[in-house]
Amino acid sequence: MFPMVTGFINYGQQTIRAARYIGQSFIITLSHTNRLPVTIQYPYEKSITSERFRGRIHFEFDKCIACEVCVRVCPIDLPVVDWKFEKNIKKKQLLNYSIDFGVCIFCGNCVEYCPTNCLSMTEEYELSTYDRHELNYNQIALGRLPMPVIGDYTIQTVMNSTQITIDKGLVLILGGLGVVLFTNPIYSAFSLGLVLVCISLFYILSNSYFVAAAQLLIYVGAINVLIIFAVMFMNGSEYSTDMYLF
């Protein structure tokens, strides 16, 4: 008698301990849901740069007076300023201006000390190339305005993708509740299809297009449709006349 009671007590304590451990693991898992992703799916996603980000230098040819202050304050004497002196107007006339970004350390001294503000930092950081000589930008390449990350419709910013993920997660939760709570099997089957579609969209956000296509074709296109057709062919069953949602 007493060994049996002791066994039940030990079993109950072990069950409570296991439930507590499972609850703690769920709490740890749920604590990570509000965190932003550490990595991004580059180049399909791009992080928005800070306001004082030091990217590619933008140059305005018409504002430059060829004073060469940028050359003197540069730690490595990087900007190449080609000018000639016009005797009739007694001023320097700028001919060519170039910066080699393969050597530039992006310290920002040239932008800070420019008297006419013809130099400015942009948010462009994609300067990689196969030939390092292509990193030597002349006044034409420096004068090109970069496309801002927010205005580029071909990519998706991290904040937008996070909001999309949250929206799809809410739809997935509602669809899962519909599968459990709907008493009409047709509604439950459609809710299951909604859940499976949301899962495939998560795969698309992760750039797993093959898995997303397999999810849609196998689970949504085959299994879920088979369930719906099986329920619809049940003529005269109790489900065919049950139109209550709950």
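Reader: What is the relative accessible area of Cys67?
Author: Buried means under 20% relative accessible area and exposed over 50%, with partly exposed in between (1.4 Å probe, protein chains only). Cys67 falls in the middle class, so it counts as partly exposed. Its relative accessible area is 25%.

Reader: What pLDDT do local features need?
Author: Residues are numbered from 1 along each chain as its sequence is written, and side-chain values use heavy atoms, leaving out hydrogens and water. This is a predicted model: totals for chains, interfaces and linings use all residues, side-chain atom pairs count only at pLDDT 80 or more, and local features need pLDDT of at least 70.

Reader: Where does Cys67 lie, and which residues does it touch?
Author: Cys67 sits in the loop between strand 2 and helix 2. Helices (H or I, at least four residues) and strands (E, at least two) are DSSP runs, numbered from the N terminus. Contact means heavy atoms within 4.5 Å. Not counting residues up to four places away in sequence, Cys67 touches Arg72 and Pro115.

Reader: Is Cys64 buried or exposed?
Author: Cys64 is placed in the loop between strand 2 and helix 2. Leaving aside neighbours within four places in sequence, Cys64 is in contact with Phe59, Leu94, Thr116 and Cys118. At 17% relative accessibility, Cys64 counts as buried.

Reader: Which residues does the other "binding site" annotation cover, and why do they gather at one spot?
Author: In the unreviewed UniProt entry, this annotation covers Cys74, Cys104, Cys107 and Cys110. They span 37 residues in sequence, yet they gather at one spot, because no two of their C-alpha atoms are more than 11.0 Å apart.

Reader: What are the relative accessible areas of Cys74 and Cys107?
Author: Cys74 lies in the loop between helix 2 and strand 3 (80-86). Cys107 is in the loop between strand 4 and helix 3, in contact with Arg54 and Pro75 once neighbours within four places in sequence are set aside. Cys74 is buried at 13%, whereas Cys107 is partly exposed at 23%.

Reader: Which residues does Leu119 touch?
Author: Leu119 is among the core residues that touch the most other members. Not counting residues up to four places away in sequence, Leu119 touches Ile57, His58, Phe59, Cys70, Tyr97, Cys110, Val111 and Cys114.

Reader: Which residues does Glu86 contact?
Author: Glu86 belongs to strand 3. Glu86 is buried, with a relative accessible area of 18%. Apart from neighbours within four places in sequence, its contacts are Lys91 and Gln93.

Key
A nonpolar core is a set of buried Ala, Val, Leu, Ile, Met, Phe, Trp, Tyr and Cys residues joined through side-chain atoms within 4.5 Å. UniProt positions are given in the numbering used here, feature names are shortened, and annotations may be inferred rather than shown by experiment.
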